[in-house]
Amino acid sequence: MWFSLSSSTRGQYRVIGTLRGHTKSVFSLDFSSDGKYLASGVGGDGVKLWDLRTNTSLRTPPYRAVFGPVSQVLWIPSRSGMLTVCSGTGLGYLCLWAQSEETGVFTEVFNKRMGGGAEILALAYEVLTPTDTCIAVADQSCFVGVYSFDGRAELLPIFTARLNQSIPISISFANTKGREVYVFGLHDGTMYKLSGTNGKVLASKNLGDKIGHASLQAKQQLIVVDNVSSGFDVWNLNGETHQRTFPRGKPTHFIPRQVNFADDAKTIVGGSDHGAVYVFDRKTGAPLDILRHAQQGLVQTVATTDRDGFSIIASGTSCGTGLILLWQAKKAPTAARRRRTTLTLGTVLGACLRFLMLAAACAFLWQNFRDLVSAHIIMDKVRLTDYPP
């Protein structure tokens, strides 16, 4: 399939930025919580941090090849409120960079080889208190670990465990204050719910033959997974029921593609093996747009955020030179439109109410005026009768 570069088929999104500087495939992308920064992890190029207000890269510590190629990146909150980014590598190293409050420069504050020293495939975090954040790590040796991070320079283990013959391709918290961790198996297509305190498997559910990637939306209690073959599946986390499959075209390669929720879980965004990024309406299943990142090839890496009332998508080339495109919805998210509609209706209703109150006041004054005039006429007649000329 051949596409023209940097366009969309339905015009719902437009390119607002092109980030260049990577020479190899983009493996991981993640927006900061405020949507102002993007982290990109690119194999042997290391990690780059981008200021999206200017679309320029920030100064970062140099890449160290001894740690292996970068496989994952993740922004995490810190106690000071300054930016902190976490990255995982192909040799199992976990690194933390923190931004200085004085200079704004990022420096490395932590690095350690985790688990079995295998490639880190997934990272996740959940805030427990303003001074305590849980970080979850999963690697190719079936290792899963959860650690406590206080925003300083050390990770304290909460638990480490290994899944039986299941490689964890994705990991997520479910907004339960660290009590539950969800792990998604690559080759067995199974979702595992682990205890957040000891790593014990509390429950499991098969979601298909394979899982290429998974994202969990805690607020809506929804999961979206790449089923590797036919498209993306949405499941309800509570009832563990399948809701819908979103097809993305016949695959040319049976490889994982990242998929995420966007616009407060109203849309589904996922990559492909033929140069396109797909955007679906979650409730109806209708394709909203196809973003033409490249003419062909792998676009496995995507990330989403909402910024200034608009849905933003980052897509990264997964073969060859690591080009990153930033896409913005041409219309504000549905929730924002609904808020504006509600405000407009409220304004109209308020105006109508004020008009009715004004009309009632005018009617009251008119009635009193008529009564007053009538009283004067009667008094005049009385005066004429009592005092004839």
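A residue is called buried when its relative accessible area is under 20%, exposed when it is over 50%, and partly exposed in between (1.4 Å probe, protein chains only). The model is predicted, so local features need pLDDT of at least 70 and side-chain atom pairs count only at pLDDT 80 or more, while totals for chains, interfaces and linings use all residues. Residues are numbered from 1 along each chain as its sequence is written, and side-chain values use heavy atoms, with hydrogens and water left out.

Seven salt bridges are found in the whole structure, a salt bridge being a side-chain nitrogen of Lys or Arg within 4 Å of a carboxyl oxygen of Asp or Glu. One of them joins D264 and K219, with 3.8 Å from N to O. D264 sits in the loop between β23 (259-262) and β24 (267-270), and K219 in the loop between β19 (213-217) and β20 (222-226), 45 residues apart; strands (E, at least two residues) are DSSP runs, numbered from the N terminus. K219 is exposed at 65%, whereas D264 is partly exposed at 24%. K219 and D264 also belong to a salt-bridge network with K266.

Another salt bridge pairs R64 with E108 at 2.2 Å, N to O. R64 lies in the loop between β6 (56-57) and β7 (70-76) and E108 in strand β10 (residues 106-113), so this pair ties together parts 44 residues apart in sequence.

Disulfides, pairs of cysteine sulfur atoms within 2.5 Å, number zero. For C95, the closest cysteine sulfur is in C86, 8.1 Å away, which is too far for a bond. C95 is buried, with a relative accessible area of 5%.

Conventions: Helix = DSSP H or I, 4+ residues; strand = E, 2+ residues; numbered from the N terminus.
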